[in-house]
Amino acid sequence: MSNTKITDEEALAFHLEPSPGKFEIRATVPMTTQRDLSLAYSPGVAVPCEAIAENPELAYDYTNKGNLVAVVTNGTAVLGLGNLGALGSKPVMEGKSVLFKRFADVNSIDIELDTEDPDAFCNAVKLMAPTFGGINLEDIKAPECFIIEQRLKEELDIPVFHDDQHGTAVICAAGLINALHISEKKIEDVRIVLNGAGAAGIACLELLKSMGARQENCIMCDTKGVIYQGRTEGMNQWKSAHAVKTDLRTLEEAMKGADVFLGVSVRGAVTAAMVESMADNPVIFAMANPHPEITPEEARQVRADAIVATGRSDYPNQVNNVLGFPYLFRGALDIHARAINDEMKIACAHALAELAREDVPDEVALAYGKNLSFGRDYIIPTPFDPRLIHRIPPAVAKAGMDTGAARRPIIDMDAYELNLKSRMDPTASILRGMNARARAAQSRMIFAEGDDPRVLRAAVMYQRSGMGKALVVGRKEDVREKLEAAGLGDAARELEVVNAANTHHLSTYKQFLYDRLNRKGFDAQDIHRLAARDRHVFSALMLAHGHGDGLVTGATRKSAHVLERIGHVFDADAQHGAVGITAVLYKGRIVLIGDTLVHEWPDAEDLATIAQRGADVARHMGLEPRAAFVSFSTFGYPISERAEKMHKAPDVLEARGVDFEFEGEMTVDVAMNAKAQAAYPFSRLTGPANILIVPARHSASISVKLMQEMAGATVIGPILTGVDKPIQICSTVSTANDILNMAVLAACDLG
């Protein structure tokens, strides 16, 4: 479990710096010239205004309505803190707005209404509703929250969603689908006990009943015990709807023989004796926050067969609303939905459940410091799963379209899913085209380091994604054991495992290597050691002889070592034109930097070659190459011996007659900033450079790592080009997804 502790001072400083609050508003259009202002405001703005007045649906096209949600509260039930009032709730509502943006790219404004009168609240929301594509109600106490939500749903033609109710219900339902799958039970047969008859509890039970749970099998409890037919004390219309005919009167009595316990109540409400009395494979969702009704340790002490979920991030199986509301709204907004109905919520729950049953990406394992695989301790996806954005909204959107909630149905769902991938991940738009090329190529990819679990996971993903055949260099038994440890035991039969002991080509490989190296100080014994015992050399020999189409290596050894080993088989050095190009992606911009791998201190001729290789890579990525030779000087000033080669390199390119834009030498700002470029009208660049050629490998490495660490830029590469066969060298900190991406690059043959 996590031991993270946040002090009051840290929390206050976080909200104070660098500026008060947690988000700001930025213009999405240029606002620098008088023309910009005239288009953004008067007189230009009159045109869309008149168009929308004539056809209100055009507001989704000409304004931000279609991607704008209001997070609305009156602060009467803030987290577990109670009635803090409208202003006291603002930090929480700002946080909710940030989550919308972070997880689903939904713009959101927090609105705190200073009233506890449901009529005044509803009137205020109704009056501002034309501004928004959806309304997210938050932290409103029961029973007013039921009244407010129901009335707004009836009066507004945009989605109204009370997350405290339905967000919890959706994630609870997703977890229960998988818990029942593991325990081999059906929702229509199980006995469910709910403790906590507030907003979230009632919503959970209502959703489960709409999914097939039977009224007579569901027992709801509150502080006064079982809600049974005929009870009058502490009742209201929402509780009465779930009253059942039963002789049970206490939570303890209700728990005997129950299959499922759902808790949205208070710490300690459930005892070990209650858990012990439940049916086989009991499902216990103790969702009280911050302290559950019973801890997983306490539950499992008496029932080792229990499947336990809580609302806390430091326990497995967190019922976390952030898995639901951003993606529900994303899907609803994208079909211009009139509402978020039960079918859309159920679709969200099923999509989440299906995702949890799939192999877990490395990003998730890194975030949680452990490997996760579907089972009793992993029945709900985690918020860090990068697949959520492109798996959940399409399911929600489809359900909305099928049930008539959509104003503007999505025609091409495949394109929509691809758009969602690109929306949140700057690498997606580039990798999308490369993935398509890789699938078309169907390359036999050699994964050189079959003793590393990350490499094995990448190999499995490569093959199961339909990219081609994965050839893993390693020992069969070792590969099988590591796959089983990673929860991928069934993949052991799928992968082809190759090594010097089981190949028929070793003598051919050795002769080839001897012919290359016998005049470089290598005798027959050295050759045998290299070919039979060094996996990098062996893999390269496989590739050289056509026993594979591409090679991925480097995850376990430093790139310099790997490059030296590959150099025994291929001419993968500076003298033969090999180059390493790294792609850096940040805020929608893509810049290629070279050489990040091969040339230690290139001269002008080398720099020109690096630029040409960079242009090749740029075109493979769908970019129109614009190369800049960067230095600390611009076009000869200040004068420096160190900058001289950068000054000469463009002349070399010009003499070679290349067919792409290039210029130099220049500082980085002149290379990349259109305004700075304007001071040099003679420049051959027609826009900001997307290829930066730097003076030396150390400066390339520093530039890439600085962008990665300081700005959080996404880095792809280094991409090895200029070698006879497709070889890509990963870094030692690569995740399985990183290694898979490098395999895709190798399959595309960027060299």
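This is a predicted model: local features need pLDDT of at least 70, side-chain atom pairs count only at pLDDT 80 or more; totals for chains, interfaces and linings use all residues.
**Sheet.** I traced an open sheet of six strands with mixed pairing, in the order S18-S17-S19-S16-S15-S20. Its edge strands are S18 (661-666) and S20 (714-721), each of which pairs on one side only. I noted glycine 580 with leucine 720 in S20 as its bridge partner.

**Cis peptide bonds.** The bond joining serine 42 and proline 43 is cis, with omega about 5 degrees; proline 43 sits in the loop between H2 and H3 (46-54). The bond from alanine 142 to proline 143 is also cis, with omega near 5 degrees, and proline 143 lies in the loop between S3 (134-137) and H8 (144-155).

**Positive phi.** Glutamate 184 has phi near 55 degrees and is in the loop between H9 (163-183) and S5 (192-195). I find glutamate 184 exposed, because its relative accessible area of 75% is over 50%. Asparagine 317 has a positive phi of about 60 degrees, in the loop between S10 (307-310) and H15 (325-334). Asparagine 317 is at 5% relative accessibility, so I list it as buried.

**Surface patch.** Val29, Met31 and Leu37 make a nonpolar surface patch of about 260 Å². Methionine 31 is in the loop between H1 (8-16) and H2 (34-40) and is partly exposed, at 42% relative accessible area.

Methods: Residues are numbered from 1 along each chain as its sequence is written. Side-chain values use heavy atoms; hydrogens and water are left out. Patches are made of residues with over 30% relative accessible area and no salt bridge: like charges are joined within 9 Å, nonpolar side chains (Val, Leu, Ile, Met, Phe, Trp, Tyr) within 5 Å. Accessible areas come from the Shrake-Rupley method with a 1.4 Å probe; for residues, only the protein chains shown count as cover. A salt bridge is a side-chain nitrogen of Lys or Arg within 4 Å of a carboxyl oxygen of Asp or Glu. Helices (H or I, at least four residues) and strands (E, at least two) are DSSP runs, numbered from the N terminus. Buried means under 20% relative accessible area, exposed over 50%, partly exposed in between (1.4 Å probe, protein chains only). Two strands pair if DSSP finds at least two bridges between them.
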